Amino acid sequence: MAVEQSAATAATAAARPILVMTAVMAAALVVAPHVGFYPVFLMKALCFALFACAFNLLLGYGGLLSFGHAMFLGTAGYVSAHTAKVWGFPPELAILAGTAASALLGVVSGALAIRRQGIYFAMITLALAQMIYFFCLQAPFTHGEDGIQAVPRGMLFGVLDLANTLTMYYVVLAIFLGGFLLILRVIHSPFGIVLKAIRENEARAISLGYDAERYKLLAFVLSATLSGLAGATKAIVFQLASLTDVYWTMSGEVVLITLLGGMGTIFGPVVGAFTIIGLENYLAGFGQWVTVITGTIFVVCVLAFRRGIVGELARFLKMPL
């Protein structure tokens, strides 16, 4: 009994800095639009931060590298945009529909992909993502290369007018914080502990009686669902669903964001998202050279900070981040 109480106390003490940092992050994001940060830039960064956090749950804590996560972001965006514009769904139902579509896609694609490991798993996810891309290119309701444009933001719950940029921002912030806290809870739950054990030594976890495939499938579906939530929200924010969000380069970008911020860290994907989106925003004047500059910065960071920005900071401070 004393040992259990000691372990519980130690776990609480370890979680305290993370909760404090989460509160600080939330407070900073609440005041950000009022201290000179452009709300549209912040909303884009938050959508990608949620996308990266969802991807990090699969890669950083499950050890599963997916090269096709854009299919969840893009599918949810198309479904959300279509249901809002054509079917007249209010924004909350449109976002829910897009998220549900990605969850369903995650179940189907995950059931196929987790049968293999390593590079074979990555290649299967890439192949499935390319199938979804060509479907979105040819399907009538997606309007091909034009995408679904002029998506109405509508009234959230019939009360909040999302046409107001500041209102839209705080809705996006609430969605991001909800997804972030859910991931935080999953990571520190018994499920998250088993998932990390499977990542470290799958054979040993199986020998202890855990169904590794079931845990990996659940992690895959949860990651797909939260990626879909990011994509559905993004479509409403920017009133657009396009092929960009479902193309393979988007899958590469989320890998870049996660590795730059710090794979397997809690705040790494958020830092990585704001860094990459910030670079793309403030270096937009360089045109096509933005990709080269971003790639160069990524190479330098990988060589100098092998654990990512937050990973190296956590090692220096000797505390979980």
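The chain contains 13 helices and four strands. Its radius of gyration is 20 Å, close to the 20 Å given by the globule rule for 321 residues, so the chain is as compact as a globular protein of that length. The model is a predicted one. Along the principal axes, the C-alpha trace spans about 60 × 45 × 45 Å.

Of the 321 residues, 49% count as buried. Among contacts in the chain with a separation of 6 or more, 77% are accounted for by residues 24 or more positions apart. The accessible surface of the chain comes to about 15400 Å². Carbon and sulfur atoms contribute 69% of that surface.

Charged side chains number 17 positive and 13 negative. The centres of these two sets lie 9 Å apart.

The structure holds zero disulfides. For cysteine 47, the closest cysteine sulfur is that of cysteine 53. The two sulfurs are 12 Å apart, which is too far for a bond, since a disulfide requires sulfur atoms within 2.5 Å. Cysteine 53 is likewise in no disulfide, and its nearest cysteine sulfur is that of cysteine 47. Cysteine 47 has a relative accessibility of 5% and therefore counts as buried, the cut-off being under 20%. Cysteine 53, at 3% relative accessibility, also counts as buried.

Notes: Residues are numbered from 1 along each chain as its sequence is written. This is a predicted model: local features need pLDDT of at least 70, side-chain atom pairs count only at pLDDT 80 or more; totals for chains, interfaces and linings use all residues. Side-chain values use heavy atoms; hydrogens and water are left out. Helices (H or I, at least four residues) and strands (E, at least two) are DSSP runs, numbered from the N terminus. The radius of gyration is taken over C-alpha atoms; the globule rule is 2.2 Å times the number of residues to the power 0.38. Buried means under 20% relative accessible area, exposed over 50%, partly exposed in between (1.4 Å probe, protein chains only). Contact means heavy atoms within 4.5 Å. Accessible areas come from the Shrake-Rupley method with a 1.4 Å probe; for residues, only the protein chains shown count as cover. Lys and Arg count as positive and Asp and Glu as negative; His and the chain ends are not counted. The place of a charge is taken as NZ of Lys, CZ of Arg, CG of Asp or CD of Glu.
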